[in-house]
Amino acid sequence: MNDNNLDLFRVYVGLDDTDSASGMCTTYICSVIMDQLKSCGFRVDGPPRLIRLNPFAPHKTRGNGGVSFKMVLKSREEVGKAKKLILDLVEKLSVMDDPKTNPGVVFYEGEITPEMEDYARRTIRTIVTQEEAEKLAQKIGAEIFKFKKGRGIIGSLAAIGCPLDDFTYELLAYRDPANYGTHRKVDADSVLEMNQETYPDTFDNIDDGYMAITPHTPCPVLYGIRGESPEAVEEAHKMVKVNEPVESFRVFLTNQHTDMHLQKIDSIDQMRQFQCYIIQGTVKTQPMVIEGGHIIFTLEDDSGEIECAAYEPTKKFRDVVRKLAPGDQLVVCGGIGNKGTLNMEKIEITDLTTVYEYLNPLCECGKRMKSAGKNKGYKCPKCGSKIGGDGEDEVREKREVKRTISKGFYEVPPSARRHLSKPLVRG
């Protein structure tokens, strides 16, 4: 878009699908590009955006996020030079040998339209095809560049158009390339201290006493700090001590931890595979532990039922799920994966049912009696007293509400939290 008053060209740049199994990262490529643009005298306006897409998309990349930023340039000649620099760097830095790396770059000049915003929401909540992305790009006059299959244009276009009614920030510190693939030398005590000083303005720094800011992949990221403002994450960054060089850092504006992927629906029969929901229902079956330490149960409503799962990585969250009982009322937040199971991110218990169990009668001596055999009554193992008949006492089970579960919200730990899932500390 050419602004006649200021004689400036405002160009949105989106890129995605540059991640690779061997360790490259879309945010790092974006950061390098921005540094190169600035060193060449080009103006980049505002913070870059990191937009996480549908966490259950079948063709998602490792981080499943697109990035975008805005350039403000003085002439059409500058626009051309900046585009060439960007495309050259994407081709140079992306690991093209990785079959899952299919970068796409989008350039757009114009206002962000409601159609672009709707498209972005759909990439986060549903499945969007590459053909849909290309049709929208053509309609709005966006320029697209595809490397290999070019699937990255889906996220690139979404990163430009995504509305951010709620947002957070993430500061990403990057490693010296010589250290890629080696153990990250981040001082754990400094992270604990940083968390004590900055929480809840920053969050998900610690998981049960251990660092949660360092990734476990051979990517360029040394650590990432998530928070409510640029000031909060930058202050926290100053407190983290490391024993290796920090090449650079960048603060991204992001839709992470906003629950933007969740769709609130009225009934279970509206749910579809590879999408994420907020659904209310009743526990139908007693939660059971299956191989691998996962816990499953069936949730039902008037329209149908679905199997819910708390997988092993959710750790203590499983302790809550294990204590649910048929009849409990829940609101479940989560997504449906390959197996058609609802993977739970957090739950709200809205009502706990009354649970009864049937116990053998108490003897006069105070000892619980035992069955003497079918239709033979009961006998006390202590004093030998006998009684006939069924003699069962109906006793209300005491659900240890204060020590186990009660009405309210429960969530998975930071180590198991998806990028988009909103932690309870954010309200």
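## How the helices cross

A crossing counts as left-handed if the near helix is turned anticlockwise from the far one by less than a right angle, and as right-handed if clockwise. In this predicted model, α3 passes α5 in a left-handed crossing. Helix α3 covers residues 114–125 and helix α5 residues 153–161; helices here are DSSP runs (H or I, at least four residues), numbered from the N terminus.

The two pack at about 125 degrees, with axes 8 Å apart. Axes are lines fitted to C-alpha atoms, for helices over the stretch in contact, and angles run from 0 to 180 degrees between N-to-C directions. That angle makes α3 oblique to α5 (under 35 degrees is roughly parallel, over 145 roughly antiparallel, 65 to 115 roughly perpendicular, the rest oblique).

## Who touches whom

On the α3 side, the contact (heavy atoms within 4.5 Å) uses Met 116, Glu 117, Tyr 119, Ala 120 and Thr 123. From α5 come Ile 153, Ile 154, Leu 157, Ala 158, Ile 160 and Gly 161.

## The chain overall

Zooming out, the chain has eight helices and 25 strands, strands being E runs of at least two residues. Its C-alpha trace spans about 100 × 50 × 40 Å along the principal axes. Of the 427 residues, 51% are buried, meaning under 20% relative accessible area (1.4 Å probe, protein chains only).

Among contacts with a separation of 6 or more, 69% link residues 24 or more positions apart.

## Ground rules

Residues are numbered from 1 along each chain as its sequence is written. Local features need pLDDT of at least 70, side-chain atom pairs count only at pLDDT 80 or more, totals for chains, interfaces and linings use all residues, and side-chain values use heavy atoms, leaving out hydrogens and water.

How values were computed. Buried < 20%, exposed > 50% of the residue type's maximum accessible area, 1.4 Å probe, protein only.
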